[in-house]
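The sequence and structure are shown below.

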Amino acid sequence: MKSIYTALSLLLLSTGASAKDYDYSDYINAAEPTEEGSILLLGDSWAAIAGDYAANICGLSNSRLVTNDAKSGTTAAQWAEGETAVGSMEKAEYDYEYVWLSLGGNDFLDNKCDIDISEEVAANIVTVIGHIVDNSPNEDIKILYFGYSVPSDDVCGNGITAQLFEEQGAIIFDAIKASAYADYVTTFDISEMFVKWGNGGLSDSYYYYDEIHLNQMGYLHLFSSYKVQRFFGCSAAQTIELKGISAVVEGKDNPAHLAGTVITTLLGLVMGVIGLVLAVNFIKRKLAMRNSSAKVDLLEPDEKAETGDYVVVKEEKAVMA
């Protein structure tokens with residue numbers, strides 16, 4: 001496995017000149033990795049490009065053993081028909097605890113975003129999952145499948161890229177959950193994780209090095225998300241550490257972008273607090289009205305004709321002599 005420094009360097013070089021101006025050594029404590037929590041990456045370029053960066057999934061002061069056996073440009077059909085995952089498991093160096101599987105994107109794009117092939121793609125992905133589970137020496141292996149975030153450009157055309165990617169993802173998720181291997185797989189939807197408001201449902205290009213693939217900031221943002229952190233067994237402290245690093249790095253790379261994100265988040269929090277206060281005040285008013293409501297008593301029969309069926313009689317407060 002490449003060193004942590006090499007992995008980070010490769011990612012920094014892949015994201016352009018601005019990122020390489022920063023010194024990340026302050027954030028790194030190159031701990032010796034152990035087999036506990038080891039990770040296997042399988043699938044297409046989304047996993048392949050991530051490199052050994054997943055070694056620091058639980059923070060840069062912790063390191064995990066990672067094997068990247070993903071192959072750029074491959075499809076779910078190729079992995080299923082060629083039983084590629086079987087070979088990956090047979091040559092495995094460790095009893096991997098976690099597998100991140102990234103497949104289905106190339107099948108979809110190679111067929112011009114034809115939604116009609118989604119069920120076939122989903123079936124192939126389930127087949128690959130079966131190959132992993134059935135050939136893993138670890139009976140408790142955990143597999144992560146979250147699909148893809150929406151591209152940063154309208155790669156499908158006609159302004160429906162976001163819709164098609166989300167629909168395909170939903171079909172795949174449903175197929176996995178309905179399969180015999182559902183208990184081994186954690187699924188969640190990241191399609192909107194990088195979506196930029198006012199961009200037609202497409203992702204923010206800031207996190208991408210092309211219209212499909214994430215850059216270093218994109219992977220850092222993805223890996224520091226709470227659901228990914230929880231899947232890989234990261235502690236709350238480790239999650240906070242990685243999110244803190246993500247904020248620092250993003251702030252150095254693009255202060256304006258980070259400021260916009262912070263402002264949006266703060267506005268959301270403020271609106272949430274205002275909504276909560278209004279709700280509490282509304283409930284208090286309702287309770288006050290109920291507690292101070294008058295008793296309703298029937299009138300005497302001879303009074304009904306003049307004043308109606310009911311009269312409001314206020315309770316008199318007790319006064320001490």
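Is leucine 278 buried or exposed?

## Basis of the model

This is a predicted model, in which local features need pLDDT of at least 70, side-chain atom pairs count only at pLDDT 80 or more, and totals for chains, interfaces and linings use all residues. Residues are numbered from 1 along each chain as its sequence is written, and side-chain values use heavy atoms, without hydrogens and water.

Leucine 278 is exposed, at a relative accessible area of 55%; exposed means over 50%, buried under 20%, and partly exposed in between (1.4 Å probe, protein chains only). The residue lies in helix α12 (residues 255–291); helices are DSSP runs of H or I with at least four residues, strands runs of E with at least two, numbered from the N terminus.

Together with Val270, Met271 and Ile274, Leu278 makes a nonpolar surface patch of about 390 Å².

## Strand β3

All five residues of strand β3 (residues 98–102) are buried. Tyr98, Trp100 and Ser102 are on one side, Val99 and Leu101 on the other.

Strand β3 runs parallel to strand β4 (residues 142–145), joined by three bridges; strands pair if DSSP finds at least two bridges between them. Tryptophan 100 has leucine 144 as its bridge partner in β4.

## Helix α8

The buried residues of helix α8 include Leu164, Phe165, Ile172 and Phe173. Seen down the axis, the buried residues of α8 fall within an arc of 165 degrees, so they line one face of the helix; the arc is that of directions from the helix axis to the C-beta atoms. The face turned away from this buried side carries exposed Asp174 and Lys177.

Note on methods:
Patches are made of residues with over 30% relative accessible area and no salt bridge: like charges are joined within 9 Å, nonpolar side chains (Val, Leu, Ile, Met, Phe, Trp, Tyr) within 5 Å. Accessible areas come from the Shrake-Rupley method with a 1.4 Å probe; for residues, only the protein chains shown count as cover. A salt bridge is a side-chain nitrogen of Lys or Arg within 4 Å of a carboxyl oxygen of Asp or Glu.
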